[in-house]
Amino acid sequence: MNLQVINRDLCVGNIKIDGVASASLVLVGDANIIQNAATFDTPAESLIIGPLVPLTPKG
(Lines give C-alpha, C1' and ligand atoms only; values in the text may rest on other atoms or scores of the structure.)
Protein backbone atom coordinates (compact mmCIF):
# COMPACT_ATOMS: atom_id res chain seq x y z
CA MET A 1 0.00 0.00 0.00
CA ASN A 2 1.37 3.40 -0.97
CA LEU A 3 0.18 6.40 1.02
CA GLN A 4 1.10 9.97 0.15
CA VAL A 5 0.51 12.60 2.83
CA ILE A 6 0.76 16.32 2.16
CA ASN A 7 0.89 18.34 5.39
CA ARG A 8 -0.73 21.76 5.26
CA ASP A 9 -1.86 24.25 7.90
CA LEU A 10 -4.42 22.92 10.34
CA CYS A 11 -6.49 24.94 12.82
CA VAL A 12 -8.81 23.11 15.23
CA GLY A 13 -11.01 25.34 17.33
CA ASN A 14 -13.02 22.80 19.34
CA ILE A 15 -13.49 19.04 19.62
CA LYS A 16 -16.55 17.51 21.28
CA ILE A 17 -16.56 13.75 21.93
CA ASP A 18 -19.92 12.31 22.96
CA GLY A 19 -18.88 8.67 23.30
CA VAL A 20 -16.01 6.24 23.00
CA ALA A 21 -16.18 2.96 21.11
CA SER A 22 -14.12 -0.14 21.79
CA ALA A 23 -11.63 0.90 19.11
CA SER A 24 -11.21 4.68 19.06
CA LEU A 25 -8.52 7.09 17.95
CA VAL A 26 -8.63 10.88 17.93
CA LEU A 27 -5.64 12.35 16.16
CA VAL A 28 -5.05 16.05 15.60
CA GLY A 29 -1.69 16.88 14.10
CA ASP A 30 1.22 14.66 13.18
CA ALA A 31 2.21 11.28 14.54
CA ASN A 32 5.35 9.34 13.71
CA ILE A 33 4.24 6.16 15.47
CA ILE A 34 0.78 4.99 16.53
CA GLN A 35 0.66 1.90 18.75
CA ASN A 36 -2.45 -0.14 19.48
CA ALA A 37 -3.18 -1.43 22.95
CA ALA A 38 -6.13 -3.21 24.53
CA THR A 39 -7.32 -3.22 28.11
CA PHE A 40 -9.93 -5.32 29.86
CA ASP A 41 -11.69 -2.99 32.29
CA THR A 42 -14.31 -5.36 33.67
CA PRO A 43 -13.69 -6.24 37.34
CA ALA A 44 -12.30 -9.74 37.83
CA GLU A 45 -15.17 -10.78 40.12
CA SER A 46 -17.69 -10.23 37.30
CA LEU A 47 -15.87 -12.60 34.93
CA ILE A 48 -17.38 -16.10 34.92
CA ILE A 49 -15.50 -18.86 33.10
CA GLY A 50 -17.21 -22.24 32.81
CA PRO A 51 -20.32 -23.69 34.43
CA LEU A 52 -19.28 -23.19 38.06
CA VAL A 53 -21.74 -23.66 40.91
CA PRO A 54 -21.32 -21.36 43.93
CA LEU A 55 -20.44 -23.12 47.18
CA THR A 56 -22.85 -22.61 50.08
CA PRO A 57 -22.44 -23.85 53.65
CA LYS A 58 -24.65 -26.76 54.74
CA GLY A 59 -27.08 -25.51 57.23
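I looked up secondary structure to begin with, and the chain came back with zero helices and zero strands. I note that this is a predicted model.

Next I checked burial. Of the 59 residues in the chain, 0% are buried. I then took the surface total: the chain exposes about 6,900 Å², and carbon and sulfur atoms supply 55% of that area.

I searched the whole structure for salt bridges and found one. Which side chains meet in it? They are those of lysine 16 and aspartate 18, at 4.0 Å from N to O. I looked up the accessibility of each partner.

Last, I looked for nonpolar residues on the surface. I found a patch formed by Leu10, Val12, Ile15, Ile17, Val20, Val26 and Val28. Together these residues have about 680 Å² of accessible area. I checked one of them, valine 20, on its own. Valine 20 counts as exposed because its relative accessibility is 71%.

Key:
Residues are numbered from 1 along each chain as its sequence is written. This is a predicted model: local features need pLDDT of at least 70, side-chain atom pairs count only at pLDDT 80 or more; totals for chains, interfaces and linings use all residues. Side-chain values use heavy atoms; hydrogens and water are left out. Helices (H or I, at least four residues) and strands (E, at least two) are DSSP runs, numbered from the N terminus. Buried means under 20% relative accessible area, exposed over 50%, partly exposed in between (1.4 Å probe, protein chains only). Accessible areas come from the Shrake-Rupley method with a 1.4 Å probe; for residues, only the protein chains shown count as cover. Patches are made of residues with over 30% relative accessible area and no salt bridge: like charges are joined within 9 Å, nonpolar side chains (Val, Leu, Ile, Met, Phe, Trp, Tyr) within 5 Å.
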